[in-house]
Amino acid sequence: TTKIAEANQPNPSITSIYFDNPGFSLYTQKVDHGEATSLRLRWYGQLNARPEIYVEKKTVRDDDTASEDRLAMKEKYVQQFISTEYKMDKQIQKLSDRAGASSPEVKNFKTAVDDIQELIKSNNLQPVLRANYTRTAFQIPGDDRVRVSLDTDLAFIREDAIDTDRPIRDPDSWHRTDIDSNGQEYPFSSIRKGEISKFPFALLEIKIRSADRKRSAWVKDLMSSHLVKEAPRFSKFVHGVALLFEDYVNTFPFWLSEMETDIRQDPQAAFEEEQAKAQKERDDEFAVGSLLTTKPSKSSLRSGSKAVLSPVGSPNVSSSFQPKSLDARKSNLAPVAESQPADTAGEPDDDETGTRGAATSKLTNLFPSFSTSKYARSRRTALPPGVSKPETWIKDSGPVKVEAKVWLANQRTFIKWQHVSVLLGTLGLGLYNAAGVDNNVARGLAVVYTLVAVFAGMWGYFVYMWRVSLIKGRSGKDFDAVAGPVIVCLGLGVALVLNFVFKYRAAIEERQDNQVALNAVSWNQTAAMPHFGDL
C-alpha cells in the first residue's frame with residue numbers, strides 16, 4: 001500500500017526490533033562473513049495506536065543478493081508467534097479460501113512461517129536491540145526505478161533480557177513496555193544513559209534498478225560531493241549491537257572508528273579535489289584509448305578541457321553556492337551518511353544501506369579484449385607523440401580501500417604461525433637439554449624440531465608479506481597457501497615416527513640383552529650344583 005502524508009502531518013517514526021541470542025551469533029556471522037540472516041519486527045508510528053506488526057527474515061549473500069520473508073500480524077499474536085505457539089492458521093485459511101489450498105501463495109506463506117519459527121527455535125533468538133528513526137521517502141509516483149530515503153533522529157536502544165538478575169526487558173514480553181505504553185519518542189530522555197545510543201548523522205539511501213545504474217550520473221556526482229560521505233555495507237543492527245553490547249562481542253564493524261570523525265567538508269575544497277580527480281580519469285581514458293588504437297571521445301580531444309561536475313558537486317554554479325567563509329560553510333552542512341546504489345528488491349526499509357557493485361567505468365570493457373599474443377603485438381601501432389605508456393592499470397589507481405578485518409585477519413594468521421614456531425622451538429630446546437651426552441637419538445630429534453620451528457617462523461613471515469602485497473595490489477588471486485602447513489605436518493609426523501621407531505628398537509635391544517644375561521646366570525648355577533653335591 002502507498003501512504004501519502006499530508007503537509008501538516010509529521011513523518012511517522014519507524015521502529016525495528018532485532019533478534020539475536022545471548023552469544024550474538026547472528027551479529028558475529030554478519031560482521032565476520034557478510035553472508036548472514038537477520039530477523040526483526042517492524043512497525044510504523046506508536047505501538048499504542050495498534051499498528052500492524054511486520055515480521056521480516058532477511059538473508060544477505062556474499063554477492064549482495066538478498067531474499068526476504070515478510071509476515072504481517074496483530075500485536076496480540078506476536079508473543080505467541082515468537083514462542084512458536086501461533087502458526088497463523090487463520091491467515092493461512094483465508095489465503096486458501098481466496099487462492100486455493102494448493103496455490104503457490106499458500107505454500108510460500110506456510111514455508112515462510114515455518115522457516116522463521118525454526119530460525120527462532122534453533123538459534124534461541126530473543127529481542128535484543130531497538131532502532132527508532134524518522135524516515136522521509138522520495139519517489140516519483142508510479143515509477144520505482146529510483147527511490148530515495150532519508151533517515152533522521154536515529155536512536156539505538158537495548159531491548160534484551162540477557163542478564164536474568166536485572167533484565168532490561170520483561171522476559172515474558174517481546175518489547176519494552178516502559179517505552180511503548182508511555183508513547184515515548186525521540187530523544188527518549190527517560191532512558192538510562194547506558195541503554196541508548198543516538199546516531200550522530202543522518203542516513204541517505206538511494207536505490208536504483210540495476211538496468212538504470214549506468215544512466216544515473218547524478219548519483220556519482222552526489223557521492224563525490226561534499227554533501228554526503230559514503231558508508232558501504234552499513235547496517236543498523238550491526239552498528240547498534242557494536243555500541244551497546246561491546247562487552248558481549250569480540251568483533252566490530254570497520255566503520256565504527258569513523259563515528260567520532262567530522263564528515264563535513266569545505267565545499268570549495270571538495271569540489272576542486274573531485275574536479276582534479278575527474279580530469280585525471282579523462283586523461284587516463286584518452287591515454288588508454290590511444291594505446292588501444294580506439295577512438296577517444298570528443299571531450300577528451302578538446303584542448304585544455306576541464307572535467308566539469310554537475311551542480312550537485314559544484315559550489316559556484318548558482319548564486320546560492322557563492323563562496324563564503326569556511327566557518328559559515330561548515331555551519332550549513334548537515335552530517336549525512338550515504339550509501340551506494342542498491343537493487344530494488346525488498347522493502348524500502350532495508351537494513352543494508354550500502355552494498356557493493358557500483359557502476360564500473362567504460363574503460364573496463366576495453367581490457368577483456370586486450371590480447372598479448374604475438375599477432376596482436378605485431379599489429380599494435382606505436383604510441384603517438386606526447387603519449388606515454390601507463391605504468392599502472394587504472395583499476396589500481398587511487399587509494400586502497402580495504403576493510404580493517406582483512407588486515408587484522410592477515411595479522412592473526414602471522415601471529416598464529418609465530419606461536420607454532422615458538423612452541424616447536426621450545427620443545428626442541430628442552431629435548432636437547434634433557435638428553436644425555438650419549439643419547440644421540442634424542443638430540444637428533446631435537447634438531448629436527450628446531451628446524452621445523454625455524455621453517456614455521458619463516459613461512460609465517462613470507463605468507464604475511466605475500467598477502468599484504470596481494471591486498472595492496474588489488475589482486476584477484478586466491479590467498480590460500482597450503483604448502484607450509486603440509487610441510488610442517490609432514491615434518492612433525494616423520495619426527496614422531498622416527499622417535500617411535502628408535503624407542504622401539506632400543507626396547508627390543510634392551511630386552512635381548514636382559515635375556516642373554518639371564519641365560520648366562522642360569523647356566524652358571526646349573527654347572528655349580530654337582531660340586532656342592534660332592535661336598
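Predicted model: local features only at pLDDT ≥ 70, side-chain atom pairs only at ≥ 80, totals over all residues.

Modeller: The charged end of K198 sits over the ring of Y186, 5.7 Å from its centre, where sitting over a ring asks that NZ of Lys or CZ of Arg be within 6 Å of the ring centre and within 35 degrees of the ring normal. Residues are numbered from 1 along each chain as its sequence is written, and side-chain values use heavy atoms, with hydrogens and water left out.

Rings can also meet other rings, and a pair of aromatic rings is described by the distance of the centres and the angle of the planes. Rings of Phe, Tyr and Trp (its six-membered ring) pair if their centres lie within 6.5 Å, and the planes count as stacked under 30 degrees apart, as edge-to-face over 60 and as tilted for the rest. The count by this rule is 15 aromatic pairs. One of them joins F156 and F199 in an edge-to-face arrangement, at 6.5 Å centre to centre and with 85 degrees between the planes. F156 belongs to strand β6 (residues 146-158) and F199 to the loop between β7 (196-198) and β8 (202-208), so this pair ties together parts that are 43 residues apart in sequence; helices (H or I, at least four residues) and strands (E, at least two) are DSSP runs, numbered from the N terminus. F156 and F199 are both buried, a word that means under 20% relative accessible area, with exposed meaning over 50% and partly exposed in between (1.4 Å probe, protein chains only). The two rings also belong to a cluster, in which ring pairs link F156, F199, F201, F234, F254 and W255.

A further pair, F462 with W459, is tilted, at 5.7 Å centre to centre and with 50 degrees between the planes. W459 and F462 are separated by about one helical turn, because they stand three residues apart in helix α13 (residues 440-472). W459 is buried, with a relative accessible area of 15%, whereas F462 is partly exposed at 47%.

β3 pairs with β2 in the antiparallel sense over seven bridges, pairing being assigned if DSSP finds at least two bridges between two strands, and A36 stands opposite V60 of β3. β3 also pairs with strand β4 (residues 66-73), again in the antiparallel sense, over eight bridges, and here E56 stands opposite R70 of β4. Five residues lie between the strands in the hairpin of β3 and β4, where D64 takes a positive phi near 70 degrees.

The loop between β2 and β3 holds Q46, which is buried with a relative accessible area of 19%. Leaving aside neighbours within four places in sequence, Q46 is in contact (heavy atoms within 4.5 Å) with P51, G183, Q184 and E185.
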